Every structure is written in C-alpha cells, then in structure tokens.
Amino acid sequence: MPNFCNLYFSLKTFITRKDLREYLSEQGAVTIGFVPTMGALHNGHLSLIAQAKQANNITVCSIFVNPTQFNDRKDLEKYPRPIEADMAKLEQAGCDVLFNPAVNEMYDDNEQWHLDIGQLEHLLEGEFRPGHYQGVMQVVFKLLDIVKPTNLYMGQKDYQQFMVVSKMVELMHIPVSMVMCPIERDADGLAMSSRNVHLTAEDRQHSLILSKTLNWVKANFNNRNIAQMQQQAMDKLAAENTVEPEYFRIVDGETLLLANEDTKNIVALTAARVGKTRLIDNVIIKWVVVNGS
Ligand code: AMP
C-alpha cells in the first residue's frame, strides 16, 4: 500500500520519496507544477499554488523545514510547523499532492555537499548567512530529482534564492522552467513571511519601514547617485526603533553586484533584524525586457 494519508483530505500526502515517485510515474505524460516550501503557509505560498494550478495538470507542494539551510540553530528550532492547518489550506487551494518527508528521508547521516555556482551565493544573504544557499541548493536539487516537475514556482520575496536556484538549474542542465511569482503583502505593505508570527505587535509596526524604504528608493531612483541612495536607505532603516539593518543594496538584477549608471535591470534588496526576527524584502526598480523575454 502506498503511504498516503487520505483519511480526511482529497489532497494526496506522501512522506516517502519512493511512494511519491511511484504515484507521479503512474500519472503518465502530464505537466507538473512544483512549489517547494517550508510550511506555515500564508497567501504568498498560496499564490504560487494558484499560479502552478493554472498552467499544469498536477500541482505538487512540498513542506520540509530543511535543516541544512539554517545557520542559526534557534531559528530552526522555533520555525513554525502547523502541518494540519497547512494541509487544510492546500486542500482548499486545490493542490493535488503534498510531499512532507522527515529529515532522515531526505538526508543520510553526515552527508557532504558542495556545488560551486560562483560568487552569486556569497553576496547579500550569503554574507550574513554563510552556507545558507548550499543548503537551499542541496534540498531543491533532491526535490527536483524526486518530483521531476515541468515548472518550478518560486517567489520574488526570496529574490536571491531564485537567482541561485536558476544558476544551479542551468549548470546542472536540469530540465525545468523557472517561474518567478510576485511578492504578496499584507494591506500595510509588510511582505508575508512565515517568520512574521514571531513579530510582537510593536515590532510589526516598526517592520513597515522595510517596505516603505524600498518604495521610497523606487519612487526617487536616480541612477547617478546609487551609492548615496543606499546609504540614505540604511540610515532610514537604522533610525527606526528596534530595527537593525544588515544590508540595503541596489544591484544589477542578474549579477547582484552594485548597480551603476548603465545597469539595465535593477533590484533593491534589504535584510534587517526587527526585534528578534530577521526579515528580508526587495523591490524591482526597473526591468528592461530583452528579446521579448
Ligand atoms: P518558504 O516557505 O519561506 O521557504 O517559501 C516558499 C516559497 O514561497 C519560496 O519560493 C518563497 O519565495 C515564496 N514566498 C514566501 N513568501 C512569499 C510572499 N510574501 N509572496 C510570494 N511568495 C512568497
């Protein structure tokens, strides 16, 4: 008997690679849209599911809190894991399949991993969370190998993650199309995140400075004073109570290196601690369409 728990949900849930693989191969020549997550699902995640459902025969979501991408043990331990509420949300969203493996289903003891994708993984988040993207690539590589999706849906919310995974897909010749989905925000502008539940009511108010500052940079963008704008943005963040900015960078959207006057595609990205919670956010300042793509 395949190991799925179909007692209350029409959503098919698998906890082993083998059973998921068998089920997906039995479906024949279908298109598969895949949405990898760490759970504690919110409308941001559900917007990815909705986009996958529109364009594929089967939508697969994974929920796996991946230990190898956490460089802070406490962050891993306190990461929210409301699996029953998540399953209800997936069911309601019309997701077809959930893959929810345990850690020992995904990793052998003392497994070693290194994939060299160049400097992309060492910039921005990589500076403040060393090793984070090796962990992300490791788990996404394994998940892609199991699910073998046609399309992979990831959020602009984790812009650098999208670029890192795209680079891995390109270097490893993985046959999947990457789809970037826009950032879902609360009405006041805060980017939705599973970690927002850790914000106190006061922190929640202070956290709005992230999206406000990103919008300010977009509205006042001038390509002749990029370095100065970055500094002004850092000052705005630092001036807010309980907010400790880690970085605010205005970069080339492909290389993630500091933008200059000639840069075509420009993204502003920021990370800050708000109270005890680390938040990231970004905004696309301008994107020039090349060759109709
Ligand atoms: P996570 O569970 O945080 O690993 O996120 C799983 C996927 O959902 C990633 O591709 C994220 O970029 C995406 N995601 C997270 N937050 C949002 C959001 N507010 N809007 C859109 N996508 C998001």
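Among the elements that cover the buried residues of helix α8 are α6 (125–128), α7 (132–147), β5 (151–155), β6 (177–181), β8 (266–274) and β9 (277–286). Helices (H or I, at least four residues) and strands (E, at least two) are DSSP runs numbered from the N terminus, and buried stands for under 20% relative accessible area, exposed for over 50%, and partly exposed for what lies in between (1.4 Å probe, protein chains only). The model is predicted, so local features need pLDDT of at least 70 and side-chain atom pairs count only at pLDDT 80 or more, whereas totals for chains, interfaces and linings use all residues. Residues are numbered from 1 along each chain as its sequence is written, and side-chain values use heavy atoms, with hydrogens and water left out.

Helix α8 itself is mostly covered, with 10 of its 13 residues buried. These buried residues are Tyr159, Gln160, Gln161, Phe162, Met163, Val164, Val165, Ser166, Met168 and Val169. How far apart are the end C-alpha atoms of α8? They are 19 Å apart, which agrees with the 18 Å that the 13 residues (159–171) should span at 1.5 Å a residue; the expected span is 1.5 Å times one less than the number of residues. Just after α8, His173 takes a positive phi of about 55°.

The ligand is surrounded by 17 residues, and the closest are His45, Gly155, Asp158, Glu184 and Met192; a residue belongs to this shell if one of its heavy atoms lies within 4 Å of the molecule. A polar backbone atom of Met192 is 2.9 Å from a nitrogen atom of the ligand. Taken alone the ligand exposes 490 Å², of which the protein buries 93%, with areas from the Shrake-Rupley method and a 1.4 Å probe. Strand β2 (32–37), helix α2 (43–55) and strand β5 each supply at least two residues of the shell, and α2 gives the most, with 3 residues. By class, the shell has 8 nonpolar, 6 polar and 3 charged residues; Ala, Val, Leu, Ile, Met, Phe, Trp, Tyr, Cys and Pro count as nonpolar, Asp, Glu, Lys and Arg as charged, and the others, Gly among them, as polar.

His42 sits in the loop between β2 and α2 and is buried, with a relative accessible area of 18%. Its side chain reaches the backbone nitrogen of Gly44 at 3.0 Å. Not counting residues up to four places away in sequence, His42 touches Met192, Ser193 and Ser194, where contact means heavy atoms within 4.5 Å.

At 9% relative accessibility, Gln69 counts as buried. The side chains of Gln69 and Asn66 are joined by a polar contact of 3.0 Å, that is, a pair of N or O atoms within 3.5 Å; within protein, one must be able to donate a hydrogen and the other to accept it, and residues adjacent in sequence count only if both atoms are side-chain atoms. Beyond four places in sequence, Gln69 touches Met38, Arg129, His132, Gly135, Val136 and Val139.

Val288, in the segment after β9, is partly exposed, with a relative accessible area of 35%. Leaving aside neighbours within four places in sequence, Val288 is in contact with Lys264 and Asn265.
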